[in-house]
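Please examine the structure below. A series of questions and answers then follows.

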Amino acid sequence: MSNAPDPRPRRPKPALVFDDPMDQQSSDDTDRGWGERPSGDSAADLKRFLDEKPPHHL
């Protein structure tokens, strides 16, 4: 074994963060992703509508 320094760069250790997590915005706090669907064909839309329709709407 040699005592030569390791040529690979070392990654810094992750720092402990003691911030208040309630001060940060979560993904639930944004409008992104709420009910958005990629546009599809009308047959797929009708199938989804019929699959998700409550039973009292027959």
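Q: How many helices and how many strands does the protein have?
A: This is a predicted model, in which local features need pLDDT of at least 70, side-chain atom pairs count only at pLDDT 80 or more, and totals for chains, interfaces and linings use all residues. Residues are numbered from 1 along each chain as its sequence is written, and side-chain values use heavy atoms, with hydrogens and water left out. Helices (H or I, at least four residues) and strands (E, at least two) are DSSP runs, numbered from the N terminus. On this basis the protein has one helix and zero strands.

Q: How many salt bridges does a search of the whole structure find?
A: Side chains of opposite charge can pair when their charged atoms come close. A salt bridge is defined as a side-chain nitrogen of Lys or Arg within 4 Å of a carboxyl oxygen of Asp or Glu. Over the whole structure, the number found is two.

Q: Is Lys 47 buried or exposed?
A: Buried means under 20% relative accessible area, exposed over 50%, and partly exposed in between (1.4 Å probe, protein chains only). Because its relative accessibility is 52%, Lys 47 counts as exposed.

Q: How far apart are the closest N and O atoms of Glu 52 and Arg 48?
A: Glu 52 and Arg 48 both lie in helix α1, four residues apart, about one turn of the helix. Glu 52 is exposed, with a relative accessible area of 52%, whereas Arg 48 is partly exposed at 35%. In their salt bridge, the closest N and O atoms are separated by 3.2 Å.

Q: What percentage of the 58 residues in the protein do buried residues make up?
A: Phe 49, placed in helix α1, is exposed, since its relative accessible area is 53%. For the 58 residues of the protein, the buried share is 0%.
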